[in-house]
Amino acid sequence: MIQYANYINGEWQSSNSGKTYQSINPASINEVVGEVEYSLAEELDTAASYAKQARTDWEKLTGAARGQYLYKTADILESRLEEIAEIMTKEMGKTLPEAKGETARGVAILRYYAGEGLREEGDVIPSTDADALMLTKRAPIGVVGVITPWNFPVAIPIWKIAPALIYGNTVVFKPALEASVTAAKVIECFNEAGLPNGVVNMVNGEGEVIGQQIVDNPQINGITFTGSDKTGKIVGQGALNRGAKYQLEMGGKNPVIVTKDADIDLAVDATISGGLRSTGQKCTATSRVIIEESIYPTFTEKLLKKVKEITVGNGLHPDTWMGPSVSEKQLNTVLDYIEIGKNEGATLIHGGNRLMDNGLDQGFFVEPTIFENVTTDMRIAQEEIFGPVLALMKVKDLEEALTIANDVDFGLSASIFTTNIQKMLTFIDDMEAGMVRINAESAGVELQAPFGGMKKSSSHSREQGQAAKEFYTNIKTVFIKG
Ligand code: ADP
């Protein structure tokens, strides 16, 4: 079995902990995909020191020169796309086409930020002094700590590491253990691209140890985090306490509103794709479906018909549309929420069970699940489940739909299906979400556009596109007197 070490100062180095973590295939739990180490907190500190040392030379390179490293990493990742996508599917369960799509997205993000090395980085601002020139300039924040989840094990690390690097920062990266082998493959690409030693470092281990040390290490100037709401709070508070910059992307409870004038077939397809692809394990996944009562029977009938056709299985199999939950813990969370939904009085109209036949007992498979008669006070209408569970809610009109859609603590993504321009405009204005999508599923993201949420979904910062610059740089206001 392959063991993946930490990557510190340009070398693969084993931890002294003597403890290993086995990354298993959630579709076939007897298969170990690879092994990483539980590192010690001081090993994170070592990585941070090297990242700090590497800062000065890296920062002094031109953006164009830094960009060349990203172009090279992109080419290497592209040449290894099939291999890395297959590992991703084996390690965290998403289907192979989705894993390939995500890896290709990683390549595109690297190229986007490579180009960023040649784009403008400031403004000239008129001074009230006639003999002065006043302008803004961007400075890197320094060493950036990157803490990532397992659900997009290529795209999320890259959409954090690539902008960090192009704006002149160095990186200490801690991936989620459940996706650590895939993460090691991404780091192999950076290594093959010949980045100077210490510019990118990766340390594996437990969130409470290595993640927490990223939060606590004073050599780390900024922390970018994607994960749960609970952990995000710990990261944000820790960073605030020691004056580090931070950026948090957390959960969602994303609604789809279907109005009576909607293209129902389109809405059904987008609800299924947005809610159930990747087994519902996206922070932008649809989890609440709010439907106007006059079309409720038609919509529900069409939805059920299509959901019944979903094939669940190993993501490597070409016929599989939906893979397993990532882990036993995640599977149990989903099954617990299904029980909670039943006990709260919601009506289960499809699924609800772990799948055990035809060899599926070898993995963490659950049926696509649909509840109706869900009310906003229910936990299944309020809390992020991160599984293939849809909650249907019937409403009289758009006004009620929007009240319900906004009646949650989260505000990441939201969709509406309508052909009425006035309803579109009302939704754009009144929906409290960072991503508002019209006639498109809730789970779509484009790398060149800002990504992030409102309310408890984020620290109100944005990732990706040009918006990434706000986190990965600090503005310097320059005043030059002639
Ligand atoms: P999920 O439920 O998706 O696993 P988590 O928030 O638990 O979400 O994990 C997201 C990332 O945060 C992972 O890399 C995890 O190891 C890390 N993490 C967990 N606990 C902490 C912590 N106390 N401090 C910093 N990072 C943590």
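Modeller: Happy to! Let's start with helix H7, which contributes the most to the shell around the ligand, giving 4 residues. In total, 16 residues surround the ligand, and the closest are Thr148, Lys174, Gln212, Ser228 and Thr231. Sorted by class, the shell is made up of 8 polar, 6 nonpolar and 2 charged residues.

Lys174 places a polar side-chain atom 2.9 Å from an oxygen atom of the ligand. Gln212, through an N or O atom of its side chain, is 3.1 Å from a ligand nitrogen atom. With Trp150, an N or O atom in the side chain is 3.5 Å from an oxygen atom of the ligand. As for how covered the ligand is, it exposes 550 Å² when taken alone, and the protein buries 82% of that area. The space that the ligand takes is the largest pocket.

A word on confidence, as this is a predicted model. The mean pLDDT of the protein is 98, and 100% of its residues reach 70 or more. Looking at the elements, the highest mean pLDDT, 99, belongs to strand S8 (residues 143-147), while strand S1 (residues 3-4) has the lowest, at 91.

Notes
Residues are numbered from 1 along each chain as its sequence is written. This is a predicted model: local features need pLDDT of at least 70, side-chain atom pairs count only at pLDDT 80 or more; totals for chains, interfaces and linings use all residues. Side-chain values use heavy atoms; hydrogens and water are left out. pLDDT is the predictor's confidence in each residue, from 0 to 100. Helices (H or I, at least four residues) and strands (E, at least two) are DSSP runs, numbered from the N terminus. A residue is near a molecule or strand if one of its heavy atoms lies within 4 Å of it. A polar contact is a pair of N or O atoms within 3.5 Å; within protein, one must be able to donate a hydrogen and the other to accept it, and residues adjacent in sequence count only if both atoms are side-chain atoms. Accessible areas come from the Shrake-Rupley method with a 1.4 Å probe; for residues, only the protein chains shown count as cover. On a 1 Å grid over the protein atoms alone, a cavity is a set of points where a 1.4 Å probe fits but cannot get out, and a pocket is an open set with protein on both sides within 12 Å along at least five of seven lines; lining residues have an atom within 4 Å of a point. A molecule sits in a cavity or pocket if more than half of its atoms lie within 2 Å of its grid points. Ala, Val, Leu, Ile, Met, Phe, Trp, Tyr, Cys and Pro count as nonpolar, Asp, Glu, Lys and Arg as charged, and the others, Gly among them, as polar.
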